[in-house]
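Subject: Structure handover

Hello,

Here is the structure, with my notes below it. Please read them with the coordinates open.

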Amino acid sequence: HFVSMICTSSPKTRAIHILSLSYIEGFNLRSNIEIWQKLLSLKNFCELTLQINHLVEFAGLIKCVGKRLRKVCIAEMIGERDEPSISSEFEGLDLDEQGALFICQNCPYVEEMDLVSVNFVRKFFFGRQIETVQGHFNILSKLAVGKIDWNSLLQVWKLIPHMKDLDIAVIVPIFTLNQQLFEEPKVLDIFDVQEILRSNRKIKNYLEKLQVNSFRFATFDAAECFLLDFKYLKSVGNIDTETFSQVERNQMKELVCRLELEKGLTVSLAEVFDVL
């Protein structure tokens, strides 16, 4: 068995990368946890990369070693077309939908986490309250996610006081249909901004880079309130001013110049194409 082979031939293994795009013959959840127990004997093991086509097939691995992990990257990919259909249910969660919740609950002590492609449609969705332990995400400093809904973002944001590098494809208000691949970005108003800033008072002392592909604010005041709260921010993008009036767009350009001069903060603005 390859797990035993790793443990005996490479006892100093630090990182494991598994690429598996085929259905696992004889797969069964009950024995799924037991086969990974031996990895706990690897004293240096703390990094895991999975490129897989069914997270549920490796749920036992995450459950077994999650608390040990400091770096995690999960990428769900399309595998064989003729494989048998298997249930994605594990411990009351649908891992095709709530894979992000499962990983986040079971890997509380990570420092870096890449969950951009945690499922095929890059959907980061909790669907309920995350269950946490003491110190949960306290040392998480680098996180990348795909499409995240506002509720899940708020839950994560509260847990990441020492975040330095946060990368988000898009923030959506809620997820609608499962099959829907495109959701309109959420527009943050002043109340949303106040809510997220109030929910984590420490992050402003650590966050250096924030990348959201389409970062939308309802007004210039909301954007300004958000940007001025962070002490050590060096890079923010891409703020979409589509919802702004022409006056507000001018104000935003002035603020961008001022922040660059005074704080060394680079703010990237998305191009706005006005419909004639």
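The largest cavity holds about 60 Å³ of space. A cavity here is a set of points, on a 1 Å grid over the protein atoms alone, where a 1.4 Å probe fits but cannot get out; grid points are joined across faces, edges and corners, and a volume is the space filled by probe spheres set on the points. This is a predicted model: local features need pLDDT of at least 70, side-chain atom pairs count only at pLDDT 80 or more, and totals for chains, interfaces and linings use all residues. Residues are numbered from 1 along each chain as its sequence is written, and side-chain values use heavy atoms, with hydrogens and water left out.

Two cavities of 30 Å³ or more were counted. Residues lining the largest cavity (an atom within 4 Å of a point) include Trp157, Ile168, Phe215 and Phe226. Helix H5 (150-158), strand E9 (165-172) and strand E11 (209-217) each give two or more residues to that lining.

Asp149 belongs to strand E8 (residues 142-149).

Cys73 sits in strand E3 (residues 71-76).

Regards

Technical notes
On a 1 Å grid over the protein atoms alone, a cavity is a set of points where a 1.4 Å probe fits but cannot get out, and a pocket is an open set with protein on both sides within 12 Å along at least five of seven lines; lining residues have an atom within 4 Å of a point. Helices (H or I, at least four residues) and strands (E, at least two) are DSSP runs, numbered from the N terminus.
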